[in-house]
Amino acid sequence: MLWTDCLTRLRQELSGNVFTMWIRPLVAEEVNNTLRLYAPNPYWTRYIQEHHLELITILAEQMSEGRVRKVEILVDSRPGEILSAHEQPATTTAALQSAPPSLKPRKEKDETPAKNHRRRLLNPLFTFSLFVEGRSNQMAAETCRKVLTQLGASQHNPLFLYGPTGLGKTHLMQAVGNALLQAKPNARVMYMTAESFVQDFVSSLQQGKVEEFKKNCRSLDLLLVDDIHLLAGKEASLVEFFYTFNALLDESKQIILTSDRYPKELTELDARLVSRFSWGLSVGVEPPDIETRIEILLKKAENIGVDLPRNCALFVAQQVVANVRELEGALNKVVAISRFKGTDIDLDVVRESLKDVLAIRARTISTENIQRVVSEYFRIPLKEIVGPKRTRIYARPRQLAMGLARELTGDSFPEIGMAFGGRDHSTVMHACEKVLSLREQDPIFNEDYRNLQRLLQS
């Protein structure tokens, strides 16, 4: 059977803990040219999608000799096999057996099955020891560690982590939960996404168990809610979260939230709630710089027992910039290709593995495209980006565009100068030096630069 063969390979590719907890319990069926995998709940499917689906797809296509061209991960609702998301406790038997003792739900006389039903298992891999720190996330990591020593303290309650997707916010918030449970196994910790909060609340309404839902949420020591911005438009759930939030703060219980934006930018949420998000501490998480990206790749490779040469890590880090998830996906693909070919990882294997990424990058990141994006970002005419005017309103964006072109395209100074109205190469060199200086001195300029990086590389 195809899935059995895939499992054999995945057991070799992944650590024993990851394989046993996340991969082995999946149920599979082949439909036409698609391999469908079924998981117990939405959180499980999200984890597989983010961390392992690309590797599974490569293996399935290879081991089926091209018969399977697509792999899907779904929540199983078929009777007799895996229970649906609303019926299945997130802490399944298989996951609990392989989880560290600190992650297993405690048994108390007053804890009913309904309470167990609402528990959500933290990812045991999301720990501080496995989190790679750099300048872009150091403050967020240090703050999360400090929260553990002063749980519920007003100066960082709530702790609000914000930034683009895939930068490690979920890893950090769950690292706090894992560390707390390690130190205090009886602590009441709940992790959920904003979407799962809505689903559970609606389910409690339908089943007439609203009071039970309230009691479960308001008796916690630590509440972790991911993607809080997704509560927008869910009026009834927003109201319930507002009261849950207030109840926990009144009891000095710690709350950690994540979002893709700074609290005051969440204009679609209730103003009272947004105001409360700002009561504690808000910390941004930015895309990792190239040194951090290299360390992330080397750390991930070490964790899965792979020898990744540093020059190969550098090459991947130069091509994959947007976020950590894409870095992990790229590494998984490199590892899968090298093992399939039976060769060590070298630059040829890396280039072959990332050929699609390189092709897309070549199409989208050009000096001309950078000029257009900068023009639109600053709302100035494109002709002024390449034109001769030296007024500050045009000169700064022009210099920024030159700096981006030098970093992202690899074009020479003379080539960039020609693209900017036939300017001399020394002008481009001066612009790049000015950009580096302004990024260090001017936080607003640096933020504009990073925003444009993300726009161009997303």
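This is a predicted model: local features need pLDDT of at least 70, side-chain atom pairs count only at pLDDT 80 or more; totals for chains, interfaces and linings use all residues.

Residues are numbered from 1 along each chain as its sequence is written, and side-chain values use heavy atoms, leaving out hydrogens and water.

**Exercise 1.** Decide whether Ile 294 is buried or exposed.

*Solution.* Start by finding Ile 294 in helix 13 (residues 290–303); helices are DSSP runs of H or I with at least four residues, numbered from the N terminus. Next, take its relative accessibility of 9%, so Ile 294 counts as buried (under 20% relative accessible area, with a 1.4 Å probe and protein chains only). Finally, look at its surroundings: leaving aside neighbours within four places in sequence, Ile 294 is in contact with Arg 310, Ala 313, Leu 314 and Ala 317 (contact means heavy atoms within 4.5 Å).

**Exercise 2.** Work out how the axes of helix 4 and helix 15 cross.

*Solution.* The axes of helix 4 (residues 53–63) and helix 15 (residues 324–341) cross at roughly 25° and come within 9 Å. The two helices are therefore roughly parallel (angles under 35 degrees).

**Exercise 3.** Find which residues of helix 4 meet helix 15.

*Solution.* On the helix 4 side, pick out Glu 54, Leu 55, Ile 58 and Gln 62. Their partners in helix 15 include Gly 329, Ala 336 and Phe 340.

Notes:
Buried means under 20% relative accessible area, exposed over 50%, partly exposed in between (1.4 Å probe, protein chains only). Axes are lines fitted to C-alpha atoms, for helices over the stretch in contact, and angles run from 0 to 180 degrees between N-to-C directions. Angles under 35 degrees count as roughly parallel, over 145 as roughly antiparallel, 65 to 115 as roughly perpendicular and the rest as oblique.
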